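Subject: The structure we talked about

Hi,

Here is the structure I promised to pass on to you. Have a look around it first, and then read my notes below with the viewer open.

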Amino acid sequence: MNDRKLHPESLMMSYGYNPEWSEGAIKCPIFQTSTFVFKTAEEGKAFFEVAYGLRDQRPNEKMGLIYSRINNPDLEILENRLTLWDEADDCAVFESGMSAVSTVMLEFLKPGDTILYSSPLYGGTEHFLQHVLTQFGVNIIRFKTGQSRDEIIDIVNKSGHSATLKMIYIETPANPTNDLIDIAACRQIADHFSAKVRPIYLAVDNTYFGPLWQHPLKHGADIILYSATKYIGGHSDVIAGAVLGSSEIIKRIKTLRTFLGNMAGPWTGWLLLRSLETLKPRMETQARNARHVAEFLVNHPKVERVNYLGFLDESNPVQYEIFKRQCLSGGAMLSFDVAGGEKEAFAFLNHLKLIKLAVSLGSTESLAEHPATMTHVDLDPAEKLDLNITGKLIRISVGVEHHEDIIADIAQALDHVQVPELEMA
Ligand SMILES: *Cc1c(COP(=O)(O)O)cnc(C)c1O
């Protein structure tokens, strides 16, 4: 194909794998092995020198396989394929999204350092920040979705920790409200507070929208994190995580991963390689279905409000401007307020048949849950109210089923919701 640069979806089936390595097998086998045989003692010595950073890699020298906590073909090929979507230099995969998150924070934050983060964050991430990192002497500062660059700069200044700021960590779109955070504005905030000897890293949890619909590195992020359990895995059958960024950043993260021992195993790597082949068609179908579902919900008399990014327009100029600049789709996550409260929301959830009542997201099957009592139960009550995470809010992760079947299931479940005012009218 001469000089043609192939699209990521064209490369997901074979990139980085050579059938000659495995008796001509078209697919990369599962390298279910803990250790690798060296051809000679000299080769083993050379591999260790590179792995331990005792000398730089020579121009054409490949990183040799040593031991599966350090490297394994299923993980290396997976990492190479994941870099293509976000056009990152390098990637590190983990046994969970949370191990990706915690390893990034432990590598870049030391006692006395400060992290600024957007709220709401994924519950596990927020817990790690508030209850684990603070025990290691890391200062935490929060800002809320919707706050402007100048308001955020003001929060940092007033915190008294501006001189130790080391990382800005955000999640956009925010779960479950779909509020957008401006990645480029966060880059400006990082640059505003950084010093020559103290770079401030901007990390974006891209689980909700990546790797297809949002590419944070292009907007100034340094680090992208994924729960690969969600869209990347996409089949609700594996827990995994990934981090992407420059070679220098990923080298540091892989080194800490070696010593925490939280890399993904070869079986997880293989499952994700298989998932990546259908990533784009899955996500595109999910996004198309989500639009149909959102359009149905917005016209339903028992639905009071729909949070779906595909509906943003000039009536919300700030969010719409970020959306146009930063997002490539309306996505496949939406939430809505059912008329009534928790009782009515539960009646809806309890009557779903095709859509499963479960947390998690991004999978082939549609999932529904109740943020106020499930994924976001830990949030401060005042903040819950502030974010409109009330008893009436339902979150749906739209899957790949036929959209008319998804809508029919939602319609029949809504029929079971009895709204007092509507019954009287
Ligand atoms: C699920 C999730 C995580 C945590 O990932 P696990 O794979 O469950 O460890 C982190 N961030 C976001 C946005 C998530 O949805």
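Let's begin with the ligand, which is surrounded by 13 residues. The closest are Met 98, Asp 205, Ser 227, Thr 229 and Lys 230. Please keep in mind that this is a predicted model.

In Lys 230, an N or O atom of the side chain is 2.7 Å from an oxygen atom of the ligand. Gly 97 uses its backbone instead: a polar backbone atom there is 2.9 Å from an oxygen atom of the ligand.

The crossing of H4 past H5 is right-handed. On the H4 side, the contact is made by Met 98, Val 101, Ser 102, Met 105 and Leu 106, and on the H5 side by Gly 124, Thr 125, Phe 128 and Leu 129. Sorted by class, the residues of this contact are six nonpolar and three polar, with no charged ones.

Now try helix H3 (residues 73-86) and helix H9 (residues 266-277), whose axes come within 8 Å and cross at roughly 35 degrees. H3 passes H9 in a left-handed crossing. From H3, the residues that take part are Asp 74, Leu 75, Ile 77, Leu 78, Arg 81, Leu 82 and Trp 85; they meet Pro 266, Gly 269, Trp 270, Leu 272, Leu 273 and Leu 276 of H9. This contact of H3 with H9 has 10 nonpolar residues, one polar and two charged.

Which residues does His 403 contact, leaving aside its neighbours within four places in sequence? They are Asn 289 and His 292. Asn 289 is 114 residues from His 403 in sequence, yet their C-alpha atoms are 5.2 Å apart in space.

Enjoy exploring!

Best wishes

Definitions and conventions. Residues numbered from 1 in each chain as written. Predicted model: local features only at pLDDT ≥ 70, side-chain atom pairs only at ≥ 80, totals over all residues. Heavy atoms only, no water. Left-handed = near helix turned anticlockwise from the far one by under 90°. Helix = DSSP H or I, 4+ residues; strand = E, 2+ residues; numbered from the N terminus. Contact = heavy atoms within 4.5 Å. Nonpolar A, V, L, I, M, F, W, Y, C, P; charged D, E, K, R; others polar. Near = heavy atom within 4 Å. Polar contact = N/O pair within 3.5 Å; in protein donor to acceptor, adjacent residues only side chain to side chain. Axes fitted to C-alpha atoms, helices over the stretch in contact; angles between N-to-C directions.
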